[in-house]
Amino acid sequence: MLSRVANSIYWMNRYMERIENYARFVGVNFNLALDLPPNVDEQWEPLLIATADNYLFHQYYEKATREDVIQFMTFDKRNPNSIVSCLSEARENARTIRETISKEMWETINTFYLWLRDVSPDDLRNMDHMQGFFNEVKRRCQLFHGIVDSTITRNEAWHFGRMGRHLERADKSSRFLDVKYFTLLQDTNTVGSTLDLMMWTAVLKSVSAYNMYRQTHLALTPMNIVAFLILDKLFPRSIAYCMRQAELSLYCIAGSTPERGYTNPAEKALSKLRSEIEYTEIEDIFRTGLHQYLDQFQTRNNEIDNAIFDVYFGLKPVQSQSQTFNGQFQSQRME
């Protein structure tokens, strides 16, 4: 497979996963707004900080109001991570590799693009309309992922896509937990209160984890919730599950398995992080500090992405001996 094609498949899936998760980020505050007491204001700044978009946001906007944050995260083309920007990039990647992906994949992503293009920010004037809009964004992303899994042969293309999707999902799952951290940072007196529990519940609902969590845990406690979203090996949006799926696809691309050991720097970095998560106890995370642990994970996850680029996407053509000789001969003639 050409590196260009593999790179496009990888990023097409990352962008589609990012779109869904940005819609879910807004869902964090929507879920909170439904349960917050009347005397507690909505907080939108934590969304920007957790996604690392706050510096760029304040270049164009003065205050993190609901309208401005939603505009910036959804429709603002100056934000490379906005839903509009990511969907444009995903569609362009899909367009350049139409011969590699299925017809249904292209039709789904193109229809999504045309639908979003016709949506105006003015159409989202109240919370009900906004919730309906972001639910539709999530639904269309989930439809795309379902079509990918049901129409693509399990070859290198599928594994590059699955690897990109799960690395992106792991990163964003860690940031959902960070939204909770930066929200509580405003008022440390809320720790352990009813409001604190509401915020943890909102995080679970925003990643569609509430029902699965209640099937495995009787009580809503911060320690159990963090353990579920980071360490659970069966829930598809937990960090541990995502890193394992990404690791399996990375090794399948090279025709190997993790049990045989790594063969390149990308496999080494991913396997090392995955194994550390697998043998981490929840007490270790809280001993380190939840935010510090998540921040370290995000940094290492980005390093894995860089390693994958160096191994598979940043390859340079190797010159043959005859090409090298001809080049040397020409340079000698010029001298």
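**Helix packing and cysteines in a predicted all-chain model**

Among contacts in the chain (heavy atoms within 4.5 Å) between residues at least 6 apart in sequence, 67% join residues at least 24 apart. The model is predicted, with local features requiring pLDDT of at least 70 and side-chain atom pairs counted only at pLDDT 80 or more, whereas totals for chains, interfaces and linings use all residues. Residues are numbered from 1 along each chain as its sequence is written, and side-chain values use heavy atoms, with hydrogens and water left out. The chain contains 16 helices and 0 strands, taken as DSSP runs numbered from the N terminus (helices H or I, at least four residues; strands E, at least two).

Helix 13 (residues 265–278) packs against helix 15 (residues 290–313) at an angle of about 155°, the axes lying 8 Å apart; axes are lines fitted to C-alpha atoms over the stretch in contact, and angles run from 0 to 180 degrees between N-to-C directions. The two helices, helix 13 and helix 15, are therefore roughly antiparallel, a term applied to angles over 145 degrees. Residues including Leu-270, Leu-273 and Ile-277 of helix 13 meet residues including Phe-297, Ile-304 and Ile-308 of helix 15. By class, this contact of helix 13 with helix 15 has 13 nonpolar, 1 polar and 4 charged residues.

A search of the whole structure finds 0 disulfides, defined as pairs of cysteine sulfur atoms within 2.5 Å. Cys-141 is in no disulfide, the nearest cysteine sulfur, that of Cys-86, being 9.8 Å away. Cys-141 is buried, with a relative accessible area of 0%, while Cys-252 is partly exposed at 39% (buried, under 20%; exposed, over 50%; partly exposed, in between; 1.4 Å probe, protein chains only).

Note on methods: Parallel < 35°, antiparallel > 145°, perpendicular 65-115°, else oblique. Nonpolar A, V, L, I, M, F, W, Y, C, P; charged D, E, K, R; others polar.
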